Amino acid sequence: MASPMQVQELVDHCLIFLDSPNLRACALVTRAWAANAQAHLFRRVSFRMPTAMTNEQRWYHLHSAPHLMRHVQYLEVVSESLPPAVFDAICRSPLLRPQHASIDLGGRALASLAATALQEFVSQPTLRRLKFRCNFADPALFLLIWARCSPAIRHLDLAATDLVAQASGTPALPLEPIPPHAKRTRLTTLAITASSHGVNDWLFHELSPFDCTSLKALSILGHPQLTGWVDTSFPPTIRNIEIFDFVAWGVPPVITLSAFPRLRILRLHLRGFPYALPVLATLSSSSAIQKIVLTLHYPLDDSLQDVDRRMCELPIDPLPVVELEIALDGRWWRSAKKRFFPLLDANSRIQRVDPPTDWLSDCIASLGG
């Protein structure tokens, strides 16, 4: 009878559960083990912070073994952790073809060299999810990045600040027509964090490289004015969102949730508990909402009882489940829900969940990837 260690399918399954040191050891056992061990070992590559091996050394190590680059599916790059030449080489590498990427330019303003390198990177046909953080002083450089944007991208997490517009108060970001041959990138998930108004307007403009008519999940976090921007800037064609995540700042205008008839999951970041009340009041009896998630922070306040009452008064049957994202052990949670949410507790419509590591990733998974 063959040893279990000779059954390749069993070995491959076991490799899934190993950490990096053990994967490196397995890669040295046999050639049969090496391929899958290396695939797991280099599936996720980060150039974020110097560790035992600096980011520059990590890149040259990877670059010297081209056969390993094909395994990279998740790539994280923080430009401040790299010399400009290395950042440029990573973005332009013809062998790196990740499906998911996170690019953070840090506090540096976008430079011409970086913009042209990023244009090449975001044109990759394998790229499906992109998280991008940058500040720019020249709108032309920001627009240059997206001139050849890959139509394969489905999930975009963007935080881009126009430094000149922020300083002067002028919101405009010059728009350039899409070339007749270009195919717009149809997004399924969009997250906007603390971006400038001009960038937000550009995203939803008909001349933008992004087609938002198929959006199913939207996250708007950052400045309170963004809430008003959402309510006034959304064209009817993209009000098919099923998952909506935003900050309830409590400053007018309040977003109208009844404008999203397919909304299933609502996630509210409460910046002062009473601010959720006018938002919840915009839900209508025809709403399809199934779950409301509230992110809470210490200290808890008795005004949460008003939120509890308003939840139970929603004209929706059945009432949506309410999840509270807060770190509490079982004993404190039992006490807290009876004090702050007695009505929801009595109706068994409330539960506590731990704050997620990456809520947007959970949304993408729930939408089928």
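A crossing is left-handed if the near helix is turned anticlockwise from the far one by less than a right angle, and right-handed if clockwise. I looked up α6 and α7 with that in mind, and α6 passes α7 in a left-handed crossing.

I noted that this is a predicted model, where local features need pLDDT of at least 70, side-chain atom pairs count only at pLDDT 80 or more, and totals for chains, interfaces and linings use all residues. Residues are numbered from 1 along each chain as its sequence is written, and side-chain values use heavy atoms, without hydrogens or water.

I found α6 at residues 84-92 and α7 at residues 112-122, packed at about 20° with axes 8 Å apart. Helices here are DSSP runs (H or I, at least four residues), and axes are lines fitted to C-alpha atoms over the stretch in contact, with angles from 0 to 180 degrees between N-to-C directions. The two are therefore roughly parallel (an angle under 35 degrees).

I listed the contact residues (heavy atoms within 4.5 Å): F87, D88, C91 and R92 of α6 meet L113, A114, T116, A117, L118, E120 and F121 of α7. By class, seven are nonpolar, one is polar and three are charged (nonpolar is Ala, Val, Leu, Ile, Met, Phe, Trp, Tyr, Cys and Pro; charged is Asp, Glu, Lys and Arg; the others, Gly among them, are polar).

I then looked up cavities (sets of points on a 1 Å grid over the protein atoms alone where a 1.4 Å probe fits but cannot get out; lining residues have an atom within 4 Å of a point). There are two of 30 Å³ or more.

Technical notes:
Angles under 35 degrees count as roughly parallel, over 145 as roughly antiparallel, 65 to 115 as roughly perpendicular and the rest as oblique. On a 1 Å grid over the protein atoms alone, a cavity is a set of points where a 1.4 Å probe fits but cannot get out, and a pocket is an open set with protein on both sides within 12 Å along at least five of seven lines; lining residues have an atom within 4 Å of a point. Grid points are joined across faces, edges and corners, and a volume is the space filled by probe spheres set on the points.
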